[in-house]
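Reader: I'd like to get to know a new structure. Can you put it up and walk me through it?

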Amino acid sequence: MPLDNLRGLYQQVILERYKKPHNFGRVDPVHRHQRGHNPSCGDTIDLTLQLDPSQERIVDIKFEGAGCAIALASADLMADAVRGRTIPEALQLVERFQAMMRGGEEFPREQRALNAMKGVAQFPVRIKCANLAWHALKYALESPEPQANGSAVVSNENTD
Ligand code: ZN
(Lines give C-alpha, C1' and ligand atoms only; values in the text may rest on other atoms or scores of the structure.)
Protein backbone atom coordinates (compact mmCIF):
# COMPACT_ATOMS: atom_id res chain seq x y z
CA MET A 1 0.00 0.00 0.00
CA PRO A 2 1.72 3.18 -1.11
CA LEU A 3 1.91 6.15 1.16
CA ASP A 4 0.14 8.23 -1.46
CA ASN A 5 -3.02 6.93 0.08
CA LEU A 6 -2.36 8.72 3.33
CA ARG A 7 -3.25 12.29 2.75
CA GLY A 8 -1.88 15.70 3.40
CA LEU A 9 -0.46 16.64 6.72
CA TYR A 10 -0.53 13.16 8.17
CA GLN A 11 1.45 11.77 5.30
CA GLN A 12 3.91 14.61 5.70
CA VAL A 13 4.37 13.93 9.40
CA ILE A 14 4.98 10.25 8.75
CA LEU A 15 7.54 10.93 6.04
CA GLU A 16 9.33 13.56 8.09
CA ARG A 17 9.60 11.28 11.10
CA TYR A 18 10.80 8.47 8.90
CA LYS A 19 13.53 10.59 7.35
CA LYS A 20 14.55 12.46 10.50
CA PRO A 21 13.47 10.54 13.58
CA HIS A 22 13.85 12.33 16.91
CA ASN A 23 14.47 9.19 18.92
CA PHE A 24 16.71 6.92 16.89
CA GLY A 25 19.47 5.18 18.83
CA ARG A 26 19.95 3.38 22.14
CA VAL A 27 19.53 4.65 25.66
CA ASP A 28 22.37 4.33 28.16
CA PRO A 29 22.07 2.59 30.53
CA VAL A 30 19.55 0.09 29.17
CA HIS A 31 16.95 -1.11 31.69
CA ARG A 32 14.51 -2.70 29.27
CA HIS A 33 15.21 -4.01 25.84
CA GLN A 34 12.76 -5.51 23.40
CA ARG A 35 13.01 -6.42 19.78
CA GLY A 36 9.97 -6.59 17.57
CA HIS A 37 9.41 -8.02 14.16
CA ASN A 38 6.51 -7.68 11.77
CA PRO A 39 6.85 -10.52 9.28
CA SER A 40 3.99 -9.32 7.10
CA CYS A 41 6.02 -6.27 6.05
CA GLY A 42 9.55 -7.10 7.19
CA ASP A 43 9.78 -4.29 9.75
CA THR A 44 12.13 -4.81 12.68
CA ILE A 45 12.52 -2.65 15.73
CA ASP A 46 14.94 -2.67 18.62
CA LEU A 47 13.56 -0.71 21.54
CA THR A 48 15.58 0.33 24.59
CA LEU A 49 14.30 2.05 27.72
CA GLN A 50 15.89 3.75 30.66
CA LEU A 51 13.79 3.80 33.84
CA ASP A 52 14.05 5.87 36.98
CA PRO A 53 15.61 4.24 40.09
CA SER A 54 12.21 3.09 41.36
CA GLN A 55 11.51 1.43 37.99
CA GLU A 56 8.23 3.29 37.78
CA ARG A 57 8.84 5.92 35.17
CA ILE A 58 10.32 5.99 31.67
CA VAL A 59 13.25 8.37 31.75
CA ASP A 60 14.32 7.78 28.17
CA ILE A 61 13.33 5.61 25.23
CA LYS A 62 14.95 5.12 21.85
CA PHE A 63 14.68 2.75 18.95
CA GLU A 64 16.75 1.31 16.17
CA GLY A 65 15.54 -0.80 13.34
CA ALA A 66 14.62 -0.97 9.73
CA GLY A 67 11.29 -0.96 8.05
CA CYS A 68 8.66 1.02 6.27
CA ALA A 69 7.87 4.66 6.96
CA ILE A 70 4.75 3.78 8.93
CA ALA A 71 6.55 1.41 11.32
CA LEU A 72 9.43 3.77 12.02
CA ALA A 73 7.36 6.95 12.23
CA SER A 74 5.03 5.23 14.68
CA ALA A 75 8.01 4.20 16.85
CA ASP A 76 9.35 7.74 16.81
CA LEU A 77 6.03 9.33 17.74
CA MET A 78 5.57 6.71 20.44
CA ALA A 79 8.92 7.50 22.03
CA ASP A 80 8.01 11.18 22.28
CA ALA A 81 4.62 10.31 23.74
CA VAL A 82 5.80 7.98 26.51
CA ARG A 83 9.07 9.61 27.60
CA GLY A 84 8.60 10.86 31.18
CA ARG A 85 5.46 8.79 31.74
CA THR A 86 4.89 6.19 34.40
CA ILE A 87 4.62 2.59 33.26
CA PRO A 88 0.82 2.44 33.81
CA GLU A 89 0.40 5.68 31.86
CA ALA A 90 2.50 4.31 29.02
CA LEU A 91 0.49 1.07 28.95
CA GLN A 92 -2.70 3.13 28.74
CA LEU A 93 -1.29 4.93 25.73
CA VAL A 94 -0.49 1.57 24.14
CA GLU A 95 -4.10 0.48 24.58
CA ARG A 96 -5.43 3.73 23.29
CA PHE A 97 -3.17 3.63 20.25
CA GLN A 98 -4.18 0.08 19.41
CA ALA A 99 -7.84 1.09 19.81
CA MET A 100 -7.32 3.98 17.40
CA MET A 101 -5.84 1.53 14.90
CA ARG A 102 -9.06 -0.46 15.20
CA GLY A 103 -11.00 2.66 14.28
CA GLY A 104 -11.39 4.11 17.76
CA GLU A 105 -11.12 7.71 18.90
CA GLU A 106 -8.27 10.07 18.30
CA PHE A 107 -5.95 11.18 21.07
CA PRO A 108 -6.80 14.34 23.02
CA ARG A 109 -4.83 17.52 22.62
CA GLU A 110 -1.87 16.61 24.79
CA GLN A 111 -0.96 13.61 22.63
CA ARG A 112 -2.39 14.84 19.38
CA ALA A 113 0.88 14.19 17.51
CA LEU A 114 -0.08 10.51 17.61
CA ASN A 115 -3.16 11.24 15.52
CA ALA A 116 -0.86 11.44 12.51
CA MET A 117 -1.08 7.64 12.50
CA LYS A 118 -4.87 7.51 12.47
CA GLY A 119 -5.12 7.38 8.68
CA VAL A 120 -3.29 4.04 8.76
CA ALA A 121 -6.35 2.46 10.35
CA GLN A 122 -7.98 2.55 6.91
CA PHE A 123 -5.41 0.12 5.59
CA PRO A 124 -5.63 -3.16 7.49
CA VAL A 125 -2.44 -4.54 6.02
CA ARG A 126 -0.46 -1.59 7.42
CA ILE A 127 -1.94 -1.60 10.89
CA LYS A 128 0.63 -4.17 11.98
CA CYS A 129 3.36 -1.78 10.87
CA ALA A 130 1.91 1.01 13.00
CA ASN A 131 1.38 -1.27 16.00
CA LEU A 132 4.80 -2.92 15.98
CA ALA A 133 6.65 -0.49 18.23
CA TRP A 134 3.70 -0.25 20.61
CA HIS A 135 3.52 -4.00 20.87
CA ALA A 136 7.23 -4.17 21.64
CA LEU A 137 6.81 -1.43 24.27
CA LYS A 138 4.03 -3.35 25.97
CA TYR A 139 6.25 -6.43 26.17
CA ALA A 140 9.16 -4.39 27.45
CA LEU A 141 7.07 -2.82 30.22
CA GLU A 142 5.25 -5.97 31.25
CA SER A 143 8.32 -8.18 31.41
CA PRO A 144 8.65 -9.22 35.04
CA GLU A 145 12.31 -8.31 35.38
CA PRO A 146 14.45 -5.61 33.95
CA GLN A 147 16.37 -7.04 31.04
CA ALA A 148 19.58 -5.67 29.75
CA ASN A 149 19.81 -8.01 26.80
CA GLY A 150 16.25 -9.06 25.97
CA SER A 151 16.59 -11.33 23.01
CA ALA A 152 13.00 -12.30 22.34
CA VAL A 153 11.69 -11.35 18.96
CA VAL A 154 8.07 -10.42 19.14
CA SER A 155 5.79 -10.90 16.25
CA ASN A 156 2.74 -8.70 16.31
CA GLU A 157 1.09 -10.93 13.76
CA ASN A 158 -1.92 -11.63 15.97
CA THR A 159 -2.49 -8.34 17.70
CA ASP A 160 -5.11 -6.71 15.54
ZN1 ZN B 1 5.75 -1.95 7.55
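Author: What follows is a short chat about this model. It is a predicted model, where local features need pLDDT of at least 70, side-chain atom pairs count only at pLDDT 80 or more, and totals for chains, interfaces and linings use all residues. Residues are numbered from 1 along each chain as its sequence is written, and side-chain values use heavy atoms, with hydrogens and water left out.

Reader: How many helices and strands are there in the protein chain?

Author: The protein chain has four helices and four strands. Both are DSSP runs, numbered from the N terminus: helices are H or I with at least four residues, strands are E with at least two.

Reader: And which pattern does the chain follow along the sequence?

Author: The pattern reads α-β-β-β-α-α-α-β.

Reader: What share of the residues is buried?

Author: Buried residues make up 48% of the 160 in the protein chain. Buried means under 20% relative accessible area, exposed means over 50%, and partly exposed is in between (1.4 Å probe, protein chains only).

Reader: What about contacts between residues at least 6 apart in sequence?

Author: Of those contacts, 60% join residues at least 24 apart. Contact means heavy atoms within 4.5 Å.

Reader: New topic: the metal. Which protein donors does the zinc ion have?

Author: They are Cys41 (SG), Asp43 (OD), Asp43 (OD), Cys68 (SG) and Cys129 (SG). They lie 2.2 to 2.6 Å from the zinc ion. Donors are N, O and S atoms within 2.8 Å of the metal (3.2 Å for Na, K and Ca); water is not among the atoms, so sites may look incomplete.

Reader: What spacing do the donors follow along the chain?

Author: The spacing is C-x1-D-x24-C-x60-C. Cys68 and Cys129 link distant parts of the chain, 61 residues apart. Cys68 sits in the loop between β3 (58-66) and α2 (69-82), while Cys129 sits in helix α4 (residues 124-142).

Reader: Are those two cysteines buried or exposed?

Author: Cys68 counts as buried because its relative accessibility is 14%. Cys129 counts as buried too, at 0%.

Reader: Where is Pro39?

Author: Pro39 is in the loop between β1 (32-38) and β2 (43-51). Pro39 is partly exposed, with a relative accessible area of 45%.

Reader: Pockets next. What volume does the largest pocket have?

Author: About 160 Å³. On a 1 Å grid over the protein atoms alone, a cavity is a set of points where a 1.4 Å probe fits but cannot get out, and a pocket is an open set with protein on both sides within 12 Å along at least five of seven lines; lining residues have an atom within 4 Å of a point. Grid points are joined across faces, edges and corners, and a volume is the space filled by probe spheres set on the points.

Reader: Which residues lie nearest its centre?

Author: Of the 12 lining residues, Val13, Arg17, Leu77, Ala113 and Ala116 lie nearest the centre of the largest pocket. Helix α1 (residues 8-19) gives the largest share of the lining, five residues.

Reader: What is the lining like by class?

Author: The lining has six nonpolar, two polar and four charged residues. Ala, Val, Leu, Ile, Met, Phe, Trp, Tyr, Cys and Pro count as nonpolar, Asp, Glu, Lys and Arg as charged, and the others, Gly among them, as polar.

Reader: Tell me about Arg17. Is it buried or exposed?

Author: Arg17 is in helix α1. Arg17 is buried, because its relative accessible area is 13%.

Reader: Which side chain does the side chain of Arg17 make a polar contact with?

Author: That of Asp80, at 2.8 Å. A polar contact is a pair of N or O atoms within 3.5 Å; within protein, one must be able to donate a hydrogen and the other to accept it, and residues adjacent in sequence count only if both atoms are side-chain atoms. Leaving out residues up to four places away in sequence, Arg17 touches His22, Asn23, Ala73, Asp76, Leu77 and Asp80.

Reader: Where is the cis peptide bond?

Author: It joins Asp28 and Pro29, with omega about 0 degrees. Pro29 lies in the loop between α1 and β1.
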